[in-house]
Amino acid sequence: AMAEPRYLKQPNPARFAALQEKAKRLEAKGNHKKAASTHHRSQVYAPDDRNRAKALLGEANGYYSATVYAYAKDAYLKLLRSYPLYAPQAHILQRLRKLAEMEATGTIGTFRMKDVPEAIRIYETIIQETPTATGTIGDHLRLAELQVASGREEEAVVTYQELIRRHGGHPKVSGARLAYARLLIEQSEA
């Protein structure tokens with residue numbers, strides 16, 4: 001008989017727990033890449049979203065520790081988007097900001113090429129998924145900076161507007177108003 005496709009696999013708490021145990025043992029040995037893929041495999045058996053998120057976090061952290069940054073980034077982004085209730089936000093945002101800066105400066109990826117559009121995408125996701133966090137003021141500012149640097153001034157204008165709309169009363173935002181005004185002047189002159 002043909003093996004059943006993966007997506008038909010049902011929640012199986014015992015199988016999930018066994019794979020989670022295996023992942024823990026691999027982590028203890030320092031085999032983070034294998035631990036990450038074990039966490040990944042366990043997700044289809046997870047009994048609920050809380051456990052699925054736990055396994056996804058294990059996967060993300062494992063790939064991050066193994067310096068498989070592209071996979072880590074995808075897992076952190078998925079965690080933020082799909083399981084916001086169970087995602088340790090501060091930890092994930094800190095990691096995503098590091099990954100965004102690696103993309104922006106070219107310390108990540110096969111050919112050590114700068115990927116500013118990818119950095120922009122990460123910051124956009126952070127801002128999208130954490131609409132009320134004042135901690136994202138810096139993310140707005142960095143995003144606008146990267147947008148200007150890549151000739152996407154119109155997008156930077158929108159980023160500044162969004163920042164001022166969300167956090168206008170915050171003292172950190174006064175510098176943004178200045179940068180925003182400067183950008184509008186440059187655009188009107190162009």
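Here is a short chat about some helix packing and one threonine in a predicted model.

Reader: Why is Thr125 called buried?

Author: Thr125 has a relative accessible area of 4%, and buried means under 20%, so Thr125 counts as buried. You'll find Thr125 in helix 6, residues 116-129.

Reader: What makes the link between the side chains of Thr125 and Arg81 a polar contact?

Author: The distance is 3.3 Å, and the cut-off for a pair of N or O atoms is within 3.5 Å. Setting aside neighbours within four places in sequence, Thr125 touches Leu77 as well as Arg81.

Reader: Why are helix 3 and helix 4 called roughly antiparallel?

Author: Helix 3 (residues 49-65) and helix 4 (residues 69-82) pack at about 155°, with axes 7 Å apart. Angles over 145 degrees count as roughly antiparallel, so this pair gets that label. Their crossing is left-handed. Residues making the contact include Leu56 and Leu57 of helix 3 and Ala72 and Leu79 of helix 4. By class, that contact has 12 nonpolar, one polar and two charged residues.

Reader: How do you know that helix 2 and helix 3 are roughly antiparallel?

Author: Go by the angle again: helix 2 (residues 32-42) packs against helix 3 at about 160°, with axes 8 Å apart. The cut-off is over 145 degrees, so roughly antiparallel it is. Helix 2 also passes helix 3 in a left-handed crossing.

Reader: Which residues meet there, and what are their classes?

Author: Among them are His39 and His40 in helix 2, and Gly58 and Gly62 in helix 3. The contact of helix 2 with helix 3 has three nonpolar, eight polar and two charged residues.

Definitions and conventions: Residues are numbered from 1 along each chain as its sequence is written. This is a predicted model: local features need pLDDT of at least 70, side-chain atom pairs count only at pLDDT 80 or more; totals for chains, interfaces and linings use all residues. Side-chain values use heavy atoms; hydrogens and water are left out. Helices (H or I, at least four residues) and strands (E, at least two) are DSSP runs, numbered from the N terminus. Buried means under 20% relative accessible area, exposed over 50%, partly exposed in between (1.4 Å probe, protein chains only). A polar contact is a pair of N or O atoms within 3.5 Å; within protein, one must be able to donate a hydrogen and the other to accept it, and residues adjacent in sequence count only if both atoms are side-chain atoms. Contact means heavy atoms within 4.5 Å. Axes are lines fitted to C-alpha atoms, for helices over the stretch in contact, and angles run from 0 to 180 degrees between N-to-C directions. Angles under 35 degrees count as roughly parallel, over 145 as roughly antiparallel, 65 to 115 as roughly perpendicular and the rest as oblique. A crossing is left-handed if the near helix is turned anticlockwise from the far one by less than a right angle, and right-handed if clockwise. Ala, Val, Leu, Ile, Met, Phe, Trp, Tyr, Cys and Pro count as nonpolar, Asp, Glu, Lys and Arg as charged, and the others, Gly among them, as polar.
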